[in-house]
Amino acid sequence: MWFNVIILSFSATTFLPGFYVLTSGENCTYTPVFTPSTLVVKFGDPASATCSICQPARTEHIFGLEKAVGETSQNKTTISWTVDSLTEWDTSLICFYNEDGKLHRSTLPITLYQPPKYVGFSFLNHTGPMFAGHRYSLLCVVEEVAPIENLTVTFYRGQTVLDRKTPSNPEKTPVTTAFTVNIIPIEDDDGAQYWCEAELQLGAEGPQPPPVVASEKLTATVYYGPQLKGSSHPDPITVTRGYPLHLNCSAVGNPAPSYTWKLPSDNPSSIKSSILTIESVSWEHGGQYVCNVSNDANDVTVTFNVEVKDNYTSIIVAVAVILAVVIVVCFISAWILYKQKRMGNYNLKDVFRLRPVHVPVRTDE
């Protein structure tokens, strides 16, 4: 009979591994286990968790839960904890099991978070247009966010990331904080939108996707000096007398450039456009022309040296015409003289040729 009891005990422990024997074995300890292992809760939301041990607690042992808020319910292996609205910023749960003076305990970390109530964006100590090539600071203010050490602030120009900031402040309660980034705008940044966003990265146990609050977008106005358009002009510029002259100093800039001209006579011109036109160049139009292009950001001076040359084609044509006229006149004169000469020879021959003169004689019958 004793032998049968031993066999039965052996068989039970061998073939029924899921049956828990009330002894502390290698695969079952009295260390409490929390579910979930980490708790992330939005400020004011309800929360719950359970603490378990793998064997029922003995009467003489103590199985309990330390808490600051909430209610619990318990059986021999599990303690359930719930709270209707969690508002304690720095809190945690401690589950313990006292086994004959040997204390087993586990802690459930609780992260209570609050997304930013407001994210503001501006240029630090600056209003109005920016100037290309100058340094400016962007300011992003994040209000009432917790925990701040989980915060990431990203600065943008359009959809391009300029910089990311992550504070190292361990404060658990909501705080307001500010971040800055320096920029040096260029011409292409005119009209670009600058902004920032604040994101709470709370890990896999936190809300997915992470809470993000974006600021308003500010459209930048960037002033930059005149930039000449087109290719460079020859120096000097040679123009034929009588032909038109066009001098162009067109430029782009912000704000739009204005133009003033100085003529070779050193007198300012009334022309206010980027193109100076002379319909028919004469000798007095030769010399140096100066175009000044300016706006609120900068000014540029363009110099044109103009040389006027004579119109040799016209001279050649005039000479050719004169020669042709002379030739024609000479030909006509020669022809007239020739004709006159011919006419003169004929008349003399007819007039002065000696012929017998027949005088009629009257007869009386």
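Which residue in E11 does Val-119 stand opposite? Val-119 faces Val-142. The structure is a predicted model, in which local features need pLDDT of at least 70, side-chain atom pairs count only at pLDDT 80 or more, and totals for chains, interfaces and linings use all residues. Residues are numbered from 1 along each chain as its sequence is written, and side-chain values use heavy atoms, with hydrogens and water left out.

**View 1. An open sheet of three strands, in the order E9-E11-E14.** The pairing is antiparallel. Strand E9 (118–123) and strand E14 (175–183) each have a single partner strand, so one side of each lacks a neighbour in the sheet. From one strand to the next, the twist averages 15° (axes are lines fitted to C-alpha atoms, and angles run from 0 to 180 degrees between N-to-C directions). E9 is joined to strand E11 (residues 136–145) by six bridges. Two strands count as paired if DSSP finds at least two bridges between them; strands (E, at least two residues) and helices (H or I, at least four) are DSSP runs numbered from the N terminus. Strands of a sheet pair through backbone hydrogen bonds.

**View 2. The disulfide between Cys-51 and Cys-95.** The sulfur atoms of Cys-51 and Cys-95 are 1.8 Å apart; a disulfide is a pair of cysteine sulfur atoms within 2.5 Å. The torsion about this S-S bond is about -90°, so the disulfide is left-handed. Cys-51 belongs to strand E3 (residues 47–52) and Cys-95 to strand E7 (residues 92–99), 44 residues apart. Cys-51 is buried, with a relative accessible area of 1%, and Cys-95 is buried at 0% (buried means under 20%, exposed over 50%, partly exposed in between, with a 1.4 Å probe and protein chains only).

**View 3. The disulfide between Cys-140 and Cys-196.** The S to S distance is 2.1 Å. A torsion of about 75° about the S-S bond makes this disulfide right-handed. Cys-140 lies in strand E11 and Cys-196 in strand E15 (residues 193–200), so the pair ties together parts that are 56 residues apart in sequence. Both Cys-140 and Cys-196 are buried.

**View 4. The disulfide between Cys-249 and Cys-291.** Here the S to S distance is 2.0 Å. The torsion about the S-S bond is about 55°, so the disulfide is right-handed. Cys-249 lies in the loop between strand E20 (245–248) and strand E21 (251–254), whereas Cys-291 lies in strand E24 (residues 287–294). Both Cys-249 and Cys-291 are buried.
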